[in-house]
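Q: I am new to reading protein structures, and I would like to learn how to describe one feature at a time. Could we go through this one together, slowly?

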Amino acid sequence: MLWWALALATVLLAIATVAAFTAPGDSGVTRLDPNAPAPIGLAGRDVTGQRVPDVSFERFDGGTGSFTDYEGAPLVVNFFASWCTPCVDEMPEFERVHASLGDRVTFLGLNVTEQQASARTLIARTGITYDTGRDPAGDLLRAFGGAAMPTTVFVRADGTVARVHAGKLDATELRRIIDEELLS
């Protein structure tokens with residue numbers, strides 16, 4: 001009987017942990033710790049209209065990149081993680097839109113708070129081909145005011161933020177936002 005009580009306690013603890021990171025009634029958003037410190041000054045604010053932060057990130061190909069590398073073309077930055085079900089669900093949708101737009105819009109996926117092996121496995125499993133990098137501590141996500149996963153940032157060709165979207169996007173909604181915010 002003791003093993004049964006321990007198993008039940010473990011299940012209840014797991015449910016409580018998931019509930020703490022998922023907003024009630026919000027099926028497309030997974031919450032991060034809102035109290036975590038953010039070393040880059042834009043966290044917690046509306047960054048619409050501001051320039052993207054001039055910071056570096058590690059690419060999965062072994063090099064480094066920065067948001068300023070993408071100036072001159074519209075950019076969609078998608079923050080994702082394998083532990084975020086809505087993130088995983090939307091990644092193939094992002095790939096479809098990326099493929100349909102060609103060189104008109106650049107896409108960058110940034111993996112948040114995961115080991116490289118988990119992120120690489122997810123990238124391969126979802127079939128994304130656009131640029132990817134790492135945000136191991138979630139600093140870049142918070143720099144864009146993000147506190148939920150997935151978060152997608154739409155950046156104009158001049159390097160200013162057009163929009164930050166928290167929550168899952170399907171291909172239709174993603175394309176609509178790109179058309180309205182980046183290509184109009």
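A: Let us begin with a loop: Thr48 lies between strand 1 (30-31) and strand 2 (56-59), where helices (H or I, at least four residues) and strands (E, at least two) are DSSP runs, numbered from the N terminus. Before we go on, note that this is a predicted model, in which local features need pLDDT of at least 70 and side-chain atom pairs count only at pLDDT 80 or more, while totals for chains, interfaces and linings use all residues. Residues are numbered from 1 along each chain as its sequence is written, and side-chain values use heavy atoms, with hydrogens and water left out.

Q: Is Thr48 buried, exposed or partly exposed?
A: The general idea is a scale of relative accessible area, on which buried means under 20%, exposed means over 50%, and partly exposed is in between (1.4 Å probe, protein chains only). Thr48 counts as partly exposed, because its relative accessibility is 38%.

Q: Which residues does Thr48 touch, once those up to four places away in sequence are not counted?
A: Contact means heavy atoms within 4.5 Å, and by that rule Thr48 touches Val161 and Ala162. In sequence Thr48 and Val161 are 113 residues apart, yet in space their C-alpha atoms are 5.0 Å apart.

Q: What share of the contacts in the protein chain with a separation of 6 or more comes from residues 24 or more positions apart?
A: Such residues account for 69% of those contacts. Leaving aside neighbours within four places in sequence, Asp131 is in contact with Arg59, Tyr70, Phe107, Leu108 and Gly109. Asp131 is partly exposed, with a relative accessible area of 33%.

Q: How many helices and strands does the protein chain have, and what pattern do they follow?
A: The protein chain has five helices and nine strands, and read along the sequence they follow the pattern α-β-β-β-β-α-β-α-β-α-β-β-β-α. Of its 184 residues, 46% count as buried.

Q: How do I describe the packing of helix 2 and helix 3?
A: Two packed helices are described by the angle between their axes and the distance between the axes. The axes are lines fitted to C-alpha atoms, for helices over the stretch in contact, and angles run from 0 to 180 degrees between N-to-C directions. Helix 2 (residues 85-101) and helix 3 (residues 116-126) pack at an angle of about 45 degrees, with their axes 9 Å apart. That makes helix 2 oblique to helix 3, because angles under 35 degrees count as roughly parallel, over 145 as roughly antiparallel, 65 to 115 as roughly perpendicular and the rest as oblique.

Q: Which residues of helix 2 and helix 3 meet?
A: Val88, Met91 and Pro92 in helix 2 meet Leu122, Arg125 and Thr126 in helix 3. By class, this contact has four nonpolar, one polar and one charged residues, where Ala, Val, Leu, Ile, Met, Phe, Trp, Tyr, Cys and Pro count as nonpolar, Asp, Glu, Lys and Arg as charged, and the others, Gly among them, as polar. Helix 3 also holds Thr121, which is exposed, with a relative accessible area of 53%.

Q: At what angle do the axes of helix 2 and helix 5 cross?
A: The axes of helix 2 and helix 5 (residues 171-181) cross at roughly 45 degrees and come within 9 Å, which means that helix 2 is oblique to helix 5. On the helix 2 side the contact involves Glu93, Phe94, Val97, Ser100 and Leu101, which meet Ala171, Leu174, Arg175 and Ile178 in helix 5. These residues divide into six nonpolar, one polar and two charged.

Q: What can I read from the backbone angles of Pro150 and Thr113?
A: Omega describes the peptide bond, and the one joining Met149 and Pro150 is cis, with omega about -5 degrees. Pro150 is in the loop between strand 7 (148-149) and strand 8 (151-155). For Thr113, phi is near 55 degrees, a positive value in a residue other than glycine. Thr113 sits in the loop between strand 5 (106-112) and helix 3, and is partly exposed, with a relative accessible area of 35%.
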